[in-house]
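Student: Hi! I'd like to walk through this structure with you. Could you bring it up?

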Amino acid sequence: MRKISLPTPVLRTPTVDPGETFTGHQEDSLLDTFDRRARDLRISLTDFCNLRCSYCMPEEGVEFMSRDTAMTAEEIVRFVRIGVEKFGVDQVRFTGGEPLTRKDVADIIAGVAGLEPRPNIALTTNAIGLDKRAAALRDAGLDRINVSLDTVDDETFREITRRPFLSRVLEGIEGAQSAGLDPVKVNAVLLPGVNDHQAPDLLRWCIDRGLKLRFIEQMPLDAGHSWERGTMITAADIFALLEPQFVLTPDSAPRNGAPAEKFLVADRQEPETIIGDVGIIASVTRPFCADCTRTRLTAEGRVRTCLFSHTEVDLLTAMRDGAGDDAIANLWKGAHWNKLAGHGMDSDSFEQPQRPMSAIGG
C-alpha cells in the first residue's frame, strides 16, 4: 500500500527563552490577549486510527509518526500535572487519531486521576475494542466518554469510514454503558447526500438508548482539502432536518465555554414532554471563539492554540532536554498568549491547516 506523508505545520520558535520569565502576564493561568483563560486541555495520544473517515483521513495508507516521536505516558502525565498545578486546568480530554490504539491509555488516565487537584477526565474514541476495555478505563479514573458515530446504518458506515466495523462500534458503546460510564456522548458529522437524511433516526436511536447526541458541523480539516463551505451541512440545515419529527428548545443552563449549544428535545406528537437533549457544535456558522477555554497538545507535545492554527510550539523537546516545570510552563504561557481572536473562516484569506484532524487531535 502506498504511504502518504502528511505535511507538518510551521514550528514557531518559542518567543520565550526557557531560562527567562514570560512577562506578557504575571498570573498563573493560560491567558491570551483577549482575556480568555484556558482550563480545558485536549491531548492527542496518537495520530494513528483504525478507521479512514472521509472527512478526516485519506483513503490510502498514511505514514504515521514513529513511537519515539510521540509523548510517552510519563511525559503526558507530567504535561497535565503542569497544566493542573500552574494553570488551574480542570478538564482533560484525550483524543487521537484513535486513543484506544495505545495500550497504555489506562495507565495515562490513572496517572492523571492521581493528580491533586484531580481534573475531570474524558476520552474521545471510535469505540472499536471499547467493550473489552471500558471497565478498566473507568477503574483507572475515566469520567466521561464521547464516541464518534455518524450513522447506525451498516452500508452508510462503510461508505463514510471505509471499514466494515459498525458492529464493533455498537458493541463498544454497549460496553461503555455496562461499565457505568455516564454520560456516553455520541459525536456525529453529517455529510450532504450521504447521511444527512438519517439525522432524525440517529437522534431517536440515541435517545432510546440514553445516549447524548452531538451533531458537529464538518470542519475544513480533511486530508484531501475537499471541504467546501457552500455544500456542508450547517446548524441551520440540522434544525431543518430534525424539525419534522422533533421540537427543540434551547437549554437555559449556562454554556460556560462548552462547544455545543444544547437543546431539549420533545417528540412533535407530544411537544410538552421532554424526552432527551441534543447538542449542535457549529464551529463554522455559529463560532464560539470568543468563549474558547481550550488549549491543545499534539501527540508530539506541541502546543496548538486552535484547531485551525498554522503554527505549533514545541514543548516536548524542551522537556526531553531537561527543562524544569517552570520553564515548560513559561513556554506554554508564551505560546498561548499569542492565540488569535478566532479561526477566521469568514475571511477571504482563510487557509485550511495542512494537517488533518487525525494528526491534530479533536
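Student: Is Leu316 buried or exposed?

Tutor: Keep in mind that this is a predicted model. In it, Leu316 is buried, with a relative accessible area of 4%. Buried here means under 20%, so a value of 4% puts Leu316 in that class.

Student: Where does Leu316 sit, and what does it touch beyond its sequence neighbours?

Tutor: Leu316 belongs to helix α8, which covers residues 316–320. Leaving aside neighbours within four places in sequence, Leu316 is in contact with Thr69, Met71, Glu75, Phe79, Glu300 and Gly301. For Glu300, 16 residues away along the chain, the C-alpha atoms are separated by 6.8 Å.

Student: Changing topic: what about α7? Which of its residues are buried?

Tutor: Helix α7 runs over residues 235–242, and its buried residues are Ala235, Ile238 and Leu242. Seen down the axis of α7, they fall within an arc of 55 degrees, so they line one face of the helix.

Student: Why does that sort of spacing put residues on one side of a helix?

Tutor: An α-helix has 3.6 residues a turn, so residues three or four places apart point the same way.

Student: What covers that face of α7?

Tutor: The cover over the buried residues of α7 includes α6 (199–208), β9 (212–216), β10 (246–250) and β12.

Student: OK, on to annotations. Where does UniProt put a binding site?

Tutor: The unreviewed UniProt entry places the feature "binding site" at Cys289, Cys292 and Cys306. They are spread over 18 residues of sequence, yet they cluster in space, with a largest C-alpha distance of 9.2 Å.

Student: Are Cys289 and Cys292 buried or exposed?

Tutor: Cys289 counts as buried at 17% relative accessibility. Cys292 is buried too, at 13%. Cys289 lies in the loop between β12 (274–281) and β13 (294–297), and Cys292 is found in the loop between β12 and β13 as well.

Student: Tell me about Asp32, then. Where is it, and is it buried or exposed?

Tutor: Asp32 is in the loop between β2 (30–31) and β3 (37–38). Asp32 is buried, with a relative accessible area of 1%. A polar atom of the Asp32 side chain lies 2.7 Å from the backbone nitrogen of Phe34.

Student: Last one: how many helices and strands does the whole chain have?

Tutor: The protein chain has 10 helices and 15 strands. Buried residues make up 53% of its 362 residues. Among contacts in the chain with a separation of 6 or more, 74% are between residues 24 or more positions apart. The accessible surface comes to about 15,800 Å², with 48% belonging to carbon and sulfur atoms.

Note on methods
Residues are numbered from 1 along each chain as its sequence is written. This is a predicted model: local features need pLDDT of at least 70, side-chain atom pairs count only at pLDDT 80 or more; totals for chains, interfaces and linings use all residues. Side-chain values use heavy atoms; hydrogens and water are left out. Helices (H or I, at least four residues) and strands (E, at least two) are DSSP runs, numbered from the N terminus. Buried means under 20% relative accessible area, exposed over 50%, partly exposed in between (1.4 Å probe, protein chains only). Contact means heavy atoms within 4.5 Å. UniProt positions are given in the numbering used here, feature names are shortened, and annotations may be inferred rather than shown by experiment. Accessible areas come from the Shrake-Rupley method with a 1.4 Å probe; for residues, only the protein chains shown count as cover. The arc is that of the directions from the helix axis to the C-beta atoms. A polar contact is a pair of N or O atoms within 3.5 Å; within protein, one must be able to donate a hydrogen and the other to accept it, and residues adjacent in sequence count only if both atoms are side-chain atoms.
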